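Open the model in your viewer and keep the selection panel at hand. The tour goes from stop to stop.

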Amino acid sequence: KKMAVVPILRAGLIVADGLLELTPSARVGHIGLYRDPTTKRPVEYLVKLPDTKDRSFIVVDPMLATGHSAVRACEILLEHGADITQIRFM
């Protein structure tokens, strides 16, 4: 199965490096989010993803506070055609 590691920038980069050592054939994507100071909701500033067809995704972000960025990252993957059953979060 094709796999992609998608860190939420920037904190997820450290975790992504470790995963890529274990699965060097995995593709890499990036999702950049920041928290709006007024609404406290994630705002997207970058999305670079490999082809989503028949690919499983591991979204990585060690900064889980409210979970809003994790939810938004999954929504972004779905908007780009990822299969919801193939998205994992770490």
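**Stop one: the largest pocket**

The largest pocket has a volume of about 340 Å³. Of its 17 lining residues, select those closest to the centre: Tyr 34, Arg 35, Asp 61, Met 63 and Ser 69. Now colour β1 (2-9), β3 (30-35) and α2, the elements that each give two or more residues to the lining. β3 gives the most, with three residues. A pocket here is an open set of points on a 1 Å grid over the protein atoms alone, where a 1.4 Å probe fits, with protein on both sides within 12 Å along at least five of seven lines; lining residues have an atom within 4 Å of a point. The volume is the space filled by probe spheres set on the points, which are joined across faces, edges and corners.

This is a predicted model: local features need pLDDT of at least 70, side-chain atom pairs count only at pLDDT 80 or more, and totals for chains, interfaces and linings use all residues. Residues are numbered from 1 along each chain as its sequence is written, and side-chain values use heavy atoms, without hydrogens and water.

**Stop two: Arg 72**

Select Arg 72 in helix α2 (residues 68-79).

**Stop three: strand β5**

Select residues 55-60, strand β5: six of its six residues are buried.

Definitions and conventions. Helix = DSSP H or I, 4+ residues; strand = E, 2+ residues; numbered from the N terminus. Buried < 20%, exposed > 50% of the residue type's maximum accessible area, 1.4 Å probe, protein only.
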